[in-house]
Amino acid sequence: MTAPATIGIPVARPRRRGAELRLLVFALLVAAAARAAVELGVEGHVELSVLWYVAVLAVLFLIAHVAIRRWAPYADPAMLPCVALLVAVGTAMIHRLDLGIRVNNPGAAQDAPLQLVWIAVGVALFVLLLAALPDHRALARYGYTAGLAGIVLLLLPILLPSSISEINGARVWIRFGPLSFQPSEAAKLLLMMFFASYLVQRRPVLSLVTRSVGPLELPRARDLGPVLIAWLGSMLVLVRESDLGSALLFFGMFVVMLYIATERVSWLLIGLVLFAGGATIAYFAFAHVQERVVIWLHAFSGNYPNDQSYQLVQGLFGFATGGVLGTGLGRGQPQIVPIARTDFIFASLGEELGLVGVMGILMIYLLLASRGFRASIGVRDSFGKLLAAGLSVSIVIQVFVVVGGVMRVIPLTGLTLPFVSYGGSSVVANFVLVALLVRISDAGRRPASWPVSESAATAHPSEVGA
Amino acid sequence: MNRPIRKVILFCALLFGVLLVNATVVQVVEAHSLTSNPHNGRVLIDRYERQRGDIIVDGRAVALSTPTNDALKYLRVYPGKGLFAHVTGFYSLFKATGIEQSEDGILSGSDSRISFSISRFGQLLAGQTPKGGNVTLTLDAKAQALAQQLMGTKRGAVVALDPRTGAILAMVSTPTFDPNPLTSHNSKQAEAAYNALAHQPDQPLLNRATAQLYPPGSTFKLIDTAAALSTGTYNPQSLLPSPNVITLPDTNGVTLQNYEGESCGGNPITMTQALTISCNTAYANLGLALGGDALKAQAEAFGFGRGVDDLGLPYVPSVFPDVNKPQTAQAAIGQYDVAATPLQMAMVAAAIANGGVEMTPYVVAEEQSPKLSVLSRTQPRVYAHPINATVAAEMTQMMENVVEHGTGTHAQIPGVAVAGKTGTADHGVNQKPDSWFVAFAPAQKPTVAIAVLVEDGGDEVNTTGGAVAAPIAQKIMSLLLQEKL
């Protein structure tokens, strides 16, 4: 193993901001083409509003690009273009669903313009974060505050009366009048900050003090506390919201970060056993959890396709209709699937863009996550490493849970597809997530003329050889 | 910390690998079974996405699609209700029948000759309307309406052909059904309407003209006659033994007699006389003399045991079974297990009318593009040469006798020579026999051939079925002949 060149030797990496700009222009061309294809497909002509739409997107992403040039000039040049591509695909599909619904219901509200507003808010927070947070390590100081806020946000919908927290049967919301907000997206970021800072502090204890049981090195019982708390929290989410996806996401993130921090496979095994055991107990103890699983396993049986599994089954029909090449944008029937714009937008994309589009979109997510991991490997401080890895893993798990749910790999959940699904909380939170990744990648790629900070000094011994 | 990060990256790639494999399974491997899943409404919506073409009779649409306000954009409507139902069939959420089924490619627009021009791309290029193509039928609307009216509440079928081309001018099967309730977009209502029809004992959904077999009774004597004359050893004046009763060979005294046990006015009588009065014993003897194989060969020369290409309607080939001697005698008078469709018997009449050249029957006249240009026009095709022209001429003369002073006098048309043959066929103990009439006119230059079958139409009072079926045939032929003038 060769030591990364960045350690101790200041080597200026090319900033590659020009490449980022060219990739952004490409993403904007895709956005324009997709929107035009949608209108051509549904209405037979292209509305002039395409120009406005592309102009707004162009301005927003150029602002983000300029912000990166100004405040994070060494950041990874592929991250923002990945986001732009996902936004292009997502907004085109939301517009397409608007048009599809408008065919039968001319007065129906349009979602695409509001989504654009949320993207603008997301970009604003993106810029704000880059400007206000020159060093991501500052976040480590607020670890416990973030953790507390995250837990409160996560559990708030369960504790609040369902009149405030329930929409379409899912108790994952907080509503103030006309505005609704899904706190789990923000909670995801806050908890990740907490996990990272907590694990950096506790690494020595969690990774070194072990006792051997056979080939395994298990932690001491009293060190199991944090993982048990995380487990209890996720089980609460599973049982109260019967949301296997969110439970999987939060607990998965925590266990993976624990593993990265300690390099102990035993944590993964403990996590796996705890989660599998807990989920099994929940299955047998709670009828509604059981029903979710039964609907998933027997989606096509009995009356389920007309009732409980209608959405899932119709989504699968959409994928099947799309086949390899898809029906073409604007030329399928994605609006058949209820609430297609949020949880089921991937089924709409699968129908109109086909397997080719599905694979392409998954590859964009994988690319974004891999750039995040690259940032994690490149950055020098443990907190940054853990945070970047956790953020990247969260993208992967979330996409897996959503796409896997829609495609019937796992039971369906209420999570959204980052940057693609309609929804303000999701879009804004994910812009903040990418802003953090951009910030950390900038730190990792920046020439190390910066003073080698306390993080390197307190680095874990294993890191040197990594 | 970088080593576990790299392992986590591998794990993430694995998760995405699972998704990619699963996407391939859903979108490629299982795509077909998902598409044909009964819960899949998409296929249905696609089918109703563009306007289906019209089925046209005499310039008027008898099946057309009208815009709706529901998710399925067009409703299939049949303005003639039951009048054309057995030809057009119906196009429902669940199935299509008749021409709706056989011409679906044209009507839906999926046929390769029009699918491009009405695709979105084609519309951009040529400004085509996204509508399916039209199908015009050979039917004569007035003759069809008259046939329907004359059949009234009787069960049975009428098929009228142009013997020169095989074009079907009228095709009625009664009782008929109204296809409109079946095309309802409310699947429960449509299903209930269909089930009600499907369970009705008199089977209104059955096309009796093409898909139901009946014992042809005495109309089969035309095939005996054809077989006899074709041998060259018989002529219309050949004498046939015609006792009141014959005992069938190889049986312990099973007898065969004439209708109501009447005499045939002599013994022996000429073949012409035997056909004219429909003498069973004479034809049973003729059949025995010719042999079962000869009868079967002649029947198959007319089309028994054979399908009709491109008819576009459900079609059941007529049957002449392998027979022993006593069965041959019964088969010769159209009993035993001999069974024919009304269309087949109309084809027999048409073959005789057309000088022995049997034309392939067809009901689709033209296939048209959405812009009404003709994609294909059905060209008359020869179906078979069951008899030669001489035999045809002799048989025509004999059949004229039937109508002039035989069992078929009910079919006389003033000023027009009509050639015909009656039939009364027993089809079960204690059931009234079926009544047949097959004919063509004008006898010397035929432009219409017809077969009429009335189930249980034989009557105790009237001798032979000619009294029930022949007048129906007479009126329809009269109308068609007037129209041709």
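# Two-chain predicted model: a briefing

Q203(B) counts as partly exposed because it has 16 C-beta neighbours inside 10 Å. (A residue is buried if 20 or more other C-beta atoms lie within 10 Å of its own, exposed if 12 or fewer, and partly exposed in between; C-beta atoms are placed from the backbone.) This is a predicted model: local features need pLDDT of at least 70, side-chain atom pairs count only at pLDDT 80 or more, and totals for chains, interfaces and linings use all residues. Residues are numbered from 1 along each chain as its sequence is written, while chains are lettered from A and ligands numbered from 1 in the order in which they are written.

**Backbone details in chain B**

- Q203(B) is not a glycine, yet its phi is positive, at about 50 degrees.
- Q203(B) sits in the loop between α10 and α11 (208-211) of chain B. (Helices, H or I of at least four residues, and strands, E of at least two, are DSSP runs numbered from the N terminus.)
- Y336(B) also is not a glycine and has a positive phi of about 50 degrees.
- The loop between α16 (325-332) and α17 (342-353) of chain B holds Y336(B).
- Y336(B) has 19 other C-beta atoms within 10 Å, so it is partly exposed.
- T174(B) and P175(B) are joined by a cis peptide bond, with omega about 0 degrees.
- P175(B) lies in the loop between β6 and α10 (187-198) of chain B.
- P442(B) is in the loop between β16 (434-441) and β17 of chain B.

**The two chains in outline**

- Chain A has 17 helices and four strands.
- Of its 466 residues, 52% count as buried.
- Chain B has 19 helices and 17 strands.
- Of the 485 residues in chain B, 54% are buried.
- In chain A, 72% of the contacts between residues at least 6 apart in sequence join residues at least 24 apart. (Two residues are in contact if their C-beta atoms, placed from the backbone, lie within 7 Å.)
- In chain B, the corresponding share is 69%.

**The five-stranded sheet of chain B**

- Five strands form an open antiparallel sheet in the order β6-β5-β17-β16-β15 (chain B). (Two strands pair if DSSP finds at least two bridges between them.)
- β6 (168-174) and β15 (419-425) of chain B stand at the edges with a single partner strand each, so one side of each has no neighbour in the sheet.
- From one strand to the next, the twist averages 5 degrees. (Axes are lines fitted to C-alpha atoms, for helices over the stretch in contact, and angles run from 0 to 180 degrees between N-to-C directions.)
- β5 (residues 156-161) and β17 (residues 448-454) of chain B pair over six bridges.
- Within that pair, L161(B) stands opposite A449(B).
- Helix α9 (residues 141-151) of chain B packs on the sheet and touches β5 and β6 of chain B.
- The direction of this helix makes about 25 degrees with that of β6(B).

- β1 (residues 55-57) and β2 (residues 60-67) of chain B pair in the antiparallel sense over three bridges.
- They form a hairpin with two residues between them, and D58(B) in the turn has a positive phi of about 50 degrees.
- β2(B) also runs antiparallel to β3 (residues 74-77) of chain B, joined by four bridges.
- In that hairpin, six residues lie between β2(B) and β3(B).
- Two bridges join β1(B) to β4(B) in a parallel pairing, with I56(B) opposite T136(B).
- β4(B) pairs with β12 (residues 364-368) of chain B in the antiparallel sense over four bridges.
- Both faces of β4 (residues 134-137) of chain B are covered: N134(B) and T136(B) are buried on one side, V135(B) and L137(B) on the other.

**Where the chains meet**

- The contact takes 43 residues from chain A and 30 residues from chain B.
- On the chain A side, the elements giving two or more residues are α9 (244-262), α12 (310-322), α13 (345-378) and α14 (382-406) of chain A.
- α13(A) gives the most, with twelve residues.
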